[in-house]
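Here is a briefing for a first look at this structure. Take a moment with the sequence and the model before reading on.

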Amino acid sequence: VFAEDLDASKSVAAEIANLIRQRAADGEQCVLGLATGSTPIQVYRELIRLHREEQLSWQNVVTFNLDEYFPMQPCAAQSYVRFMNEQLFDHVDIRRENIHIPDGTVSSESVNDYCQRYENLIEAAGGIDLQLLGIGRTGHVGFNEPGSERASITRLVRLSEITRTDAAKDFGGLENAPRLAITMGVGTILRSRRIRLLAFGEHKAAIVERSVQGEISNSVPATYLHDHRDVTFLLDAAAASKLN
Ligand code: F6R
């Protein structure tokens with residue numbers, strides 16, 4: 001628990017930077033799993049600063065984003081491709097071919113094959129070294145909504161009404177908010193070697209409490225993180241306020 005969200009963000013950015021540098025020193029790639037949404041923005045800001053001011057190179061970094069709305073054009077204002085470019089990738093020296101974000105333009109008929117290929121790409125990269133997560137008010141990680149299974153892999157999912165309501169402001173109303181998304185599965189996330197979940201603000205306090213103190217259950221997918229061997233929840237005081 002950190003006094004301010006900025007402290008938590010800087011802490012996880014420093015961990016990511018150390019990992020990137022360690023891997024580079026060993027002549028190896030660093031595979032990062034990344035999240036979108038409002039929560040990780042300050043992490044990305046700090047990583048950009050480290051690139052600019054402290055020579056943090058992204059040449060050896062490979063990234064896999066958790067999710068994307070479906071369908072979604074990459075150039076659309078709400079796309080996660082656009083978000084990642086604006087918040088991080090356009091400001092660091094990452095190789096474009098090392099960036100992976102689920103493709104919201106694949107056809108409904110080919111989406112299952114596409115999702116399997118996304119899994120294969122993660123495996124071929126050697127698996128994810130560090131996965132950054134936010135958490136939704138439903139307890140979703142990625143877009144694994146309540147009901148998601150522990151062994152689930154990358155797939156097309158239906159978004160819950162709460163998640164659609166939270167997205168509505170970006171889409172000019174609930175009626176325009178997407179109903180579907182492609183997301184890494186719970187199983188995909190749990191295969192990451194390290195998991196760092198960030199949650200900030202009073203509106204996350206209730207779900208943080210259920211995620212941390214509740215039993216493992218598919219009704220709060222974030223509880224699946226309990227039996228991972230290297231997981232940390234980084235919280236600000238407001239998000240931690242219901243923990244005892
Ligand atoms: C985003 C993602 C989601 C968000 C979650 C919280 O890639 O996978 O699980 O992390 O919905 O969103 P914010 O950070 O906007 O509160």
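Glutamine 55 sits in the loop between α2 (41-54) and β2. Helices are DSSP runs of H or I with at least four residues, strands are E runs with at least two, and both are numbered from the N terminus. This is a predicted model: local features need pLDDT of at least 70, side-chain atom pairs count only at pLDDT 80 or more, and totals for chains, interfaces and linings use all residues. Residues are numbered from 1 along each chain as its sequence is written.

**Backbone points**
- Glutamine 55 has a positive phi, near 55 degrees, although the residue is not glycine.
- Glutamine 55 counts as exposed because it has 8 C-beta neighbours inside 10 Å.
- Phenylalanine 70 and proline 71 are joined by a cis peptide bond, with omega about -10 degrees.
- Proline 71 lies in the loop between β3 (67-70) and α3 (80-87).

**Helix α4**
- Helix α4 spans residues 111-124, 14 residues in total.
- Its first and last C-alpha atoms are 20 Å apart, close to the 20 Å expected at 1.5 Å a residue. The expected span is 1.5 Å times one less than the number of residues.
- Val111, Cys115, Tyr118 and Ile122 of α4 are buried. They cover an arc of only 50 degrees around the axis, so they lie on the same side of α4. The arc is taken from the directions from the helix axis to the C-beta atoms.
- An α-helix has 3.6 residues a turn, so residues three or four places apart point the same way.
- Asp113, Asn120, Glu123 and Ala124 are exposed on the other side of α4.
- The cover over the buried residues of α4 includes β2, β6 (155-158), β7 (180-183) and α6 (186-190).
- Glycine 126 follows α4 and has a positive phi, near 95 degrees.

**Asparagine 65**
- Asparagine 65 belongs to strand β2 (residues 61-65).
- Asparagine 65 is buried, with 24 other C-beta atoms within 10 Å.
- Its contacts (C-beta atoms, placed from the backbone, within 7 Å) are Leu34, Thr36, Tyr80, Met84, His100, Ile101 and Pro102, leaving out residues up to four places away in sequence.

Conventions:
A residue is buried if 20 or more other C-beta atoms lie within 10 Å of its own, exposed if 12 or fewer, and partly exposed in between; C-beta atoms are placed from the backbone. Two residues are in contact if their C-beta atoms, placed from the backbone, lie within 7 Å.
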